[in-house]
Amino acid sequence: MDNSVKVREFVVENFLFGDGEKLKDDTSFMEEGIIDSTGILELVFFLEETFGLSVEDDELVPDNMDSLQNIARFIDRKLNASPAAEA
Amino acid sequence: MCGIAGICHIDGPDGVSLNSIKRMIGALCHRGPDETGIYLDDQVGLGHARLSIIDLSSGVQPIHNEDKSLWIVYNGEVFNYPELKEDLLQKGHRFYTTSDTEVVLHLYEEQGPDCLTQLNGQFAIAIWDTKKKELFLARDRVGIRPLYYTILNNTVIFGSEIKSIFSNKNVSRRIDPIAMDQIFTFWTTLTPRTVFKDIYELPPGHYMKTSDSKVTFKKYWDIPIYPRAEQSDLAPKEICEQVRDLLQDAVRIRLRADVPVGCYLSGGLDSSGAAALVVRNFNKDVRTFGIRFDNDGFDEGEYQKLMVSYLNVNHTDLTATDEIIGASLPDCLWHCEKPLLRTGPVPLFLLSDVVRKSGYKVVLTGEGADEVFGGYNIFREAKVRRFLAKYPDSQSRAELIGQLYPYIFDNPRLKRTLQSFFAKGLDQIDDPIFSHFIRWENTSRIKTFFSQELNEAIGQYDGYEQVRQSLPEGFERADDFSRAQYLEMAIFLSNYLLSSQGDRVAMAHSVEIRLPFLDTRVMDFMARVPAKWKILGLNEKHILKKSFEGILPKKITSRPKNPYRAPIKQSLLNEKTAEYTKEALSKKSLSRAGLFDAGKVTKLLRKVQAVDNPSEIDSMALVGLLSSQLIHRQFVQNFPARPDNPVSPALIVDRRSEALRAVS
């Protein structure tokens, strides 16, 4: 399954309780009240578990976490960066 | 303290049945287990269930004036009644009891509705004027005592609790969709609405009068807000001295009773201060009562024990275990009569049982201090957000946010996220509801569980707009703190704190609470104290802390505020309670009530069960949905959910004509 589809499913299931109709790729979680600050931790836990990422404290910012689009970009960046970093 | 109920045909004589009044009073027996009394004529029936506290031998109600043209049933206490009685005696009034009830009646006879401004206390009153054929209903300033009514075919039906009104079979019992929208925004309905359609509360600080086939309402008091120019210029030291004196007197008159008065003692600043004032000045042997939790995150035992040994009082505590909190929620809701978003009311419901079983009927509590003296985080939050609004990108300003809610946001990783969370609405600092916007928006997220049917019934209703429209003249000129305080007192205090965490859960076990911090003199004095002294920097309740220095240990005056809360998931989904919770939230139960979307609720339940510590909002959703279901079950579906209490009145004044007695 595509990464962003997985994230979308998680958000719809856990924060919208199945009602994903209005969730667009650029919908702001904070502005639309979809995820609150404690919800962000649930999301981070999911990202770390599902994609084997490690999210640093200073990465916990809206630019990385506040919409499906931002998360997708963040995941890509992290996944592409880590092998290079190890190399 | 008592329960009152009645029926009044506003168009003239139409007959009132003794049995209806008996049933209405029977539904209120927990409020007044000691004796009952009834007045009946062709137009009106008044009922009273009494908890005897003042004038144990002769205070049976209804009480009349000299020529028996005025009749009163009354729930509450007017603490300054001895002083008021002096005046009335000099004016020639004659009394046949030593109760405060009779004082209120004669004062009404003397001054009409204006008498309300002189009453310092907590009350709900019904007076029937047999000459003018007028019914007068009134409620205390902040709404410590409840009073509900409905108007059905030109008949006013009223009672201290809604179940009393519902005991009339012709009153329909339905959930009000707009009320649901309000509760899942503001944590409570906006006055005068209740969660039940067409059942209203008489708003705090209001009276209602029926005469000449008309019903009129009037506000006789509002939460005081003064512009800076009318506020006091006293130095903080002098303010504290005056506060100490006022509080001491507020406590003194609240100890007036013909039965012993105890104190709640949590270990927090407010109840500790009230108890200390009692012990130092009036009664060093006062009995105290407190709540303990198994769960360390909620327990205040350390501070409670410190206060018990500091005051050397005879203290009884109740340990509210997760199991008992969960198992008692349905009974607690029977008394609260509204959906809840927290489980905090339940331990207080359990504590009043302990008080009663210890032989006490009256306790002083610290409730109201947070509103009057500026204790709530929401006041500090608004201050920080305003500060942040000037430089929204400032890291150091944003970091202040983390200090506000250490018990919710205890994860340091959240620092940056919190900034954007609280940044919401920063461009709306001029909106009168700015201070409460985040809390209300956050709570509103629970509406995602509303069923399509409920959403359609709510339609385009806008609760925020209703709040904005309801604000008094002078609100705009008030400082930011006073605005937030007004909203908190007008919306949250009366209907949640004084009700679900106050009168209703105490009276469930026939216990009267008395609240010195809501003494009218204290409220007015503090409204004249500039905001900068109430919250100094980010130090909440600065004046109160300073005022209590010297009578409380430093550890109590300097401790960080720990808001009173009770466990949610652990209470509602443990081995003993999970079954009823799941049953009440099953597809079958949900579709019967029609309030919530079963698919979404199932997902929430699954999520909440899967994690150890569900988020704040998911926990609130769990209580909100479950309690709504239980309210529907107990009041709409299976009413009455409790057996009727047979009533044998100690006094029946029956002035009905033969003709109408037969009809009714």
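**Exercise 1. Determine whether Lys603(B) is buried, exposed or partly exposed, and find which residues it contacts.**

Solution. Lys603(B) has 19 other C-beta atoms within 10 Å and is therefore partly exposed. The scale behind this is that a residue is buried if 20 or more other C-beta atoms lie within 10 Å of its own, exposed if 12 or fewer, and partly exposed in between, with C-beta atoms placed from the backbone. This is a predicted model, in which local features need pLDDT of at least 70 and side-chain atom pairs count only at pLDDT 80 or more, while totals for chains, interfaces and linings use all residues. Residues are numbered from 1 along each chain as its sequence is written, and chains are lettered from A and ligands numbered from 1 in the order in which they are written.

Helices (H or I, at least four residues) and strands (E, at least two) are DSSP runs, numbered from the N terminus. Finally, list the contacts, where two residues are in contact if their C-beta atoms, placed from the backbone, lie within 7 Å. With neighbours within four places in sequence left aside, Lys603(B) is in contact with Glu13(A), Phe17(A) and Gly18(A).

**Exercise 2. Describe the overall build of chain A and then of chain B.**

Solution. Begin with chain A, which has 4 helices and 0 strands, in the pattern α-α-α-α along the sequence. Its radius of gyration is 13 Å, close to the 12 Å that the globule rule gives for 87 residues, so chain A is as compact as a globular protein of that length. Here the radius of gyration is taken over C-alpha atoms, and the globule rule is 2.2 Å times the number of residues to the power 0.38. Of the 87 residues of chain A, 29% count as buried.

Along the principal axes, the C-alpha trace of chain B spans about 80 × 60 × 45 Å, and 53% of its 664 residues count as buried.

For the last step, consult the domain assignment, whose bounds come from an automatic or database domain assignment. Chain B is given domain 1 (2–173 + 651–663), domain 2 (235–373 + 505–519 + 537–557) and domain 3 (569–637). The centres of domain 1 of chain B and domain 3 of chain B, taken over C-alpha atoms, are separated by 40 Å.

**Exercise 3. Trace the open sheet of 6 strands in chain B and the pairings of strand S7.**

Solution. First write down the order, S4-S5-S6-S7-S11-S12 (chain B), with antiparallel pairing; two strands pair if DSSP finds at least two bridges between them. At the edges are strand S4 (63–64) and strand S12 (214–219) of chain B, each of which pairs on one side only.

Now take strand S7 (residues 134–139) of chain B, where 5 of the 6 residues are buried, so the strand is largely enclosed by the rest of the structure. S6(B) and S7(B) run antiparallel, joined by 6 bridges, and Ile127(B) stands opposite Phe136(B) in S7(B). These two strands form a hairpin with 4 residues between them, and Lys133(B) in the turn has a positive phi of about 55 degrees. S7(B) also pairs with S11(B) in the antiparallel sense over 4 bridges, and Leu135(B) stands opposite Thr210(B) in S11(B).

**Exercise 4. Identify the residues with the most contacts inside the largest nonpolar core, and examine Leu137(B).**

Solution. A nonpolar core is a set of buried Ala, Val, Leu, Ile, Met, Phe, Trp, Tyr and Cys residues joined through C-beta atoms within 7 Å. The largest has 188 residues, and those with the most contacts inside it are Ile72(B), Leu137(B) and Val363(B). Not counting residues up to four places away in sequence, Leu137(B) touches several residues, among them Ile125(B), Leu147(B), Phe158(B) and Met208(B). Apart from this core lies another, of 15 residues, including Phe15(A), Ile40(A), Leu43(A) and Leu60(A).
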